[in-house]
Amino acid sequence: MPILGQNQYGKAENRVVKITRDGATHHIKDLNVSVSLSGDMDEVHYSGSNATVLPTDTTKNTVYAFAKEHGIESAEQFGIHLARHFVTSQPAIHRARIRIEEYAWERIEHSGQGAHSFVRKGQETRLTQITYDGSSWEVVSGLKDLVVMNSTDSEFWGYVKDKYTTLPEAHDRILATEVSGRWRFNWSADDTETPDWEESYAQVKRHMLEAFAETYSLSLQQTLYAMGARIIDNRGEIDEVRFSLPNKHHFLVDLEPFGLKNATDEGAVYFAADRPYGLIEATVLRDGCEAKIPADLTNL
């Protein structure tokens, strides 16, 4: 007889926007929340009995009700509230995973009355995943779609060459990538103080960008390690960082047929290729810690 394996269910991509009014000054939290629940769910698969099933529509309603009842201090804290509720309120639910994307808005400064106008920020999408099993927590936060570029201070040479190699060595090149990163917090128990989630995110991003800008790069792998190491060295609440960095290639255009020199030291013209692209991925760990973030971030 076939045996049921791992299973989960929930409501994905609940879009919730919470406006907090502080007099004439308004604040926005804009989230995309996905709820996934697992536990004592064998019978619904075997016989179709829904006796232990909390409807996915109820999980959706809970997201919106909690946004009103508890507010949204941070994506992480909101996810913690939700995960705790689902595991502790339903005997059949043993594990909750909350995934959240956060979209940032920037206030529009103007000479009129009130502070309630915003423009959508487009640098990156903030991410967090909260997992709770009734006794311990795992919080993995991160970002995606953060495009960065160094227009110099990057080289690529001395690599293996075989009969299929055509790439010329580069001693002054553009280094560009679209950062997808996750970092795992070492907070896991209710009896310990939670990190300042908002401050932590801001500082992780700062260290990441500073490392990217300050590293004279001989490879994207070297830059990736420098970014992760800077975070581990400066943020004690984080034990693990994983990056997936597609190399956004910029190739010098051959302008010799037109009698034009295209040298990097004179300000060059490049062709920006979107594919195929090199994909550089690695984890940076605090010494003595175990890697828990999946190697393939799409499986997180």
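Modeller: A salt bridge is counted when a side-chain nitrogen of Lys or Arg lies within 4 Å of a carboxyl oxygen of Asp or Glu. The model is predicted, so local features need pLDDT of at least 70 and side-chain atom pairs count only at pLDDT 80 or more, while totals for chains, interfaces and linings use all residues. Residues are numbered from 1 along each chain as its sequence is written, and side-chain values use heavy atoms, with hydrogens and water left out.

Searching the whole structure gives 20 salt bridges. In one of them, Asp-30 pairs with Arg-15, with the closest N and O atoms 2.6 Å apart. This pair links distant parts of the chain, since Asp-30 belongs to strand S2 (residues 25–39) and Arg-15 to strand S1 (residues 14–22), 15 residues apart. Strands (E, at least two residues) and helices (H or I, at least four) are DSSP runs numbered from the N terminus. Asp-30 is buried at 3% relative accessible area, whereas Arg-15 is partly exposed at 39%; buried means under 20%, exposed over 50%, and partly exposed in between (1.4 Å probe, protein chains only).

Lys-29 forms a salt bridge with Glu-198, the closest N and O atoms being 3.0 Å apart. Because Lys-29 lies in strand S2 and Glu-198 in helix H4 (residues 197–214), the pair ties together parts 169 residues apart in sequence. Lys-29 is buried, at 14% relative accessibility, and Glu-198 is partly exposed, at 30%.

Glu-266 and Lys-261 also form a salt bridge, with closest N and O atoms 3.8 Å apart. Glu-266 is exposed at 54%, and Lys-261 is exposed at 64%. Through shared partners, salt bridges join Lys-29, Glu-76, Glu-102, Arg-126 and Glu-198 into one network.
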